[in-house]
Amino acid sequence: MKHSIRILIAAVVLAMVAPLNALRAQDYKVVVNSATTVASMSKAEVARLFLKQDTRWKDGKPVAVVDLPPASAVRQGFSKTVLGKDVGSVNSYWQQQVFSGRASPPVVKQSDADVVAYVAATPGAVGYVSADAAASGVKTLTVTP
Amino acid sequence: MQNRTWALALALAAAVPLHAQDGIDHVDIHGFGGWSYGRTSATNVYLGGLPEGDNRLSQFALNLGASSGESFRVNAQTEMNEDDDGTHVALDYAFAEFKLSDHVKFRVGQVKQPFGIYTELFNVGTVRPFFSLPQGVYGPVGFAGQSYKGVGVTGSERLGKWSADYDVYGGGNDLMKQHVVEAYYHHEDLNDVANEIETQSTRNVVGTRLVLRTPIEGLSFGGSAYTGILNEEAANRRTVAAGQAEFVNDRWSVRSEVAREHQVQDEDALGYYAEAAYRLTAKWQAGVQFDHLHNTFDGVDASSAPSLQDHKEGVVGLNYWFTPALVLKADVHHVVGNRFALPHPELLNDIIAQGALSKSTTLVRLGGQFSF
């Protein structure tokens, strides 16, 4: 019995000290539809696009945002670096937007290739993929601090 | 009738993806729900918890959004709750929105009332650290309705490194009010108080909310206010104002609100709360909350049971988040005062006459909440 209690306590302590972000974040690059005229944006501007706080490009055309799945290490890196929040906090943000009837979360594609295909085919689309992913048919956006 | 309404909503939800109308290019289906067990001390009932314990507290809501192009969107949400009184079905909101720009969006229909931090998210358990909202501001004293029926304008504006979200609206709203205390003070037959929570309707409502988001990520301040005329014979004016402060990041969520209500020749209320929650790990979260409400009624002698005017509460909670969409919660509440924590209405007169009204109540609540 004492042994079981020790194991239980150890498990609880391990859970308590586990880091918030268990996933290892990966580097990313932001890709946009090739017809998009913008070549460079700041992190804050990109964050506003991905949180749908800005829904138009500077030329007035609508933005179509695409995400990777919540479990993706690339999404984890993008979320912390650009949005300034972990994926859980971003999910909570979208729950608030959905249930208050204010906005719906971005389309989710399962892989880098799916994101690139969506961005290439959708006018005004913007997404992110791993830094070493093939990105033919789309433009890579320079993201400044 | 309620069951038919719910069945219709489910049938529509099931049919929408298969038979989306021409012009509707995107349909979202979301929902939330939960279940909890609640047990109170003494003879008092609070937040659905009963002295003998109650495991009948369950809830499910279905949320639909349909977009046509970039500018037009329809949103609707219906909700079903079960408790010891039976099953209750309600339309939370159903409205259309036309976006002129990110700065100006026009809304018409039954719209979630923009008031304070939580009114638009009233029963969504996965966006807050505790099972229930802090009763000092969100309890059934009627600071705000869950929705307004009418027209509104909403939008956001960047102000350098700051930004502002605003809402302006007009129409009518329905408030949920716990009627037992007022009925007791007015010597009404408490056996006739069929529903402990009654709906109070207000017309000619005009209201606004302004939230300022600071350059410090997650820190915001805001204020809300509205006024209207009660849909009652006396047609008294009702005015409510509130202030809010919030700081949220990956580990911390800290919130506080204060609300003041004045109903001419009827009642006054002042409530406030503060809550803080901390993520110990990605899965575990602990939280504390304190809230207070003082509610007075004009023309009554409250001396026989003054504690019915007050609510003071402390809560501690521990949550385990499987994912951001599923959480198990355990809360312990200690309440002093009987504005919300009190015996069944039919027993209230006898218990007060015997001097047996317990002014303090402890509630233990366990369960889970989810969303998708």
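What follows is a chat about a predicted model, going from whole chains down to single residues.

Colleague: Let's start with chain A; what pattern of helices and strands does chain A follow along the sequence?

Modeller: The secondary structure of chain A comes to five helices and six strands. Read in sequence order, chain A goes α-β-β-α-β-α-α-β-α-β-β.

Colleague: And among the contacts in chain A with a separation of 6 or more, what share comes from residues 24 or more positions apart?

Modeller: Chain A has 145 residues, and 35% of them are buried. For the contacts with a separation of 6 or more, residues 24 or more positions apart account for 67%.

Colleague: Which side of the story does α5(A) tell: what arc do its buried residues cover around the axis?

Modeller: Helix α5(A) spans residues 112–121, and its buried residues are Asp112(A), Val115(A), Val116(A) and Val119(A). They sit on the same side of α5(A), because the arc they cover around the axis is only 95°. That buried set packs against β1, β3, β5 and β6 of chain A.

Colleague: Moving to helix α2(A), which residue with a positive phi follows it?

Modeller: In α2(A), residues 43–50, the buried ones are Val46(A), Ala47(A), Arg48(A), Leu49(A) and Phe50(A). They pack against β1, β2, β3, α3, β5 and β6 of chain A. After the helix comes a residue with phi near 55°, and that is Lys52(A).

Colleague: Now chain B; what radius of gyration does it have?

Modeller: Chain B holds four helices and 16 strands, and its C-alpha atoms fill a box of roughly 65 × 50 × 50 Å along the principal axes. Buried residues make up 40% of its 372 residues. A compact globule with 372 residues would have a radius of gyration near 21 Å, so chain B agrees with that at 21 Å.

Colleague: How do the strands around β14(B) line up, and which residue of β15(B) is the bridge partner of Glu313(B)?

Modeller: On one side, β13(B), residues 284–297, pairs with β14(B), residues 310–323, in the antiparallel sense over eleven bridges; there, His292(B) has Lys312(B) as its bridge partner. On the other, β14(B) runs antiparallel to β15(B), residues 326–336, and eleven bridges join them. A hairpin of two residues links β14(B) to β15(B). In β15(B), the bridge partner of Glu313(B) is Val335(B).

Colleague: Where do the chains meet, and which element gives the largest share of the side of chain B that touches chain A?

Modeller: The contact takes 23 residues from chain A and 28 residues from chain B. On chain B's side, the elements giving two or more residues are β1, β2 and β4 of chain B. By class, that side has ten nonpolar, eight polar and ten charged residues. The largest share, three residues, comes from β1(B).

Colleague: I'd also check the backbone; is Ala235(B) buried or exposed?

Modeller: Most residues other than glycine have a negative phi. Ala235(B) has a positive one, near 50°, and is found in the loop between β9 and β10 of chain B. With 11 C-beta neighbours inside 10 Å, and 12 or fewer being the cut-off, Ala235(B) counts as exposed.

Colleague: Then what about Asn204(B): how many other C-beta atoms lie within 10 Å?

Modeller: Phi of Asn204(B) is also a positive value, near 50°. Its place is in strand β8(B), residues 197–213. Asn204(B) is partly exposed, and the count of other C-beta atoms within 10 Å is 15.

Colleague: Last one: how far apart in space are Tyr185(B) and Ala305(B), C-alpha to C-alpha?

Modeller: Tyr185(B) is found in helix α3(B), residues 180–185, and is partly exposed, with 19 other C-beta atoms within 10 Å. Leaving aside neighbours within four places in sequence, Tyr185(B) is in contact with Phe297(B), Val300(B) and Ala302(B). Tyr185(B) and Ala305(B) are 120 residues apart in sequence, and their C-alpha to C-alpha distance is 8.7 Å.

Terms used. Residues numbered from 1 in each chain as written. Chains lettered and ligands numbered in written order. Predicted model: local features only at pLDDT ≥ 70, side-chain atom pairs only at ≥ 80, totals over all residues. Pairing = 2+ DSSP bridges. Contact = placed C-beta atoms within 7 Å. Nonpolar A, V, L, I, M, F, W, Y, C, P; charged D, E, K, R; others polar. Buried ≥ 20, exposed ≤ 12 C-beta atoms within 10 Å, placed from the backbone. Arc of directions from axis to C-beta. Rg over C-alpha atoms; globule rule 2.2 N^0.38 Å.
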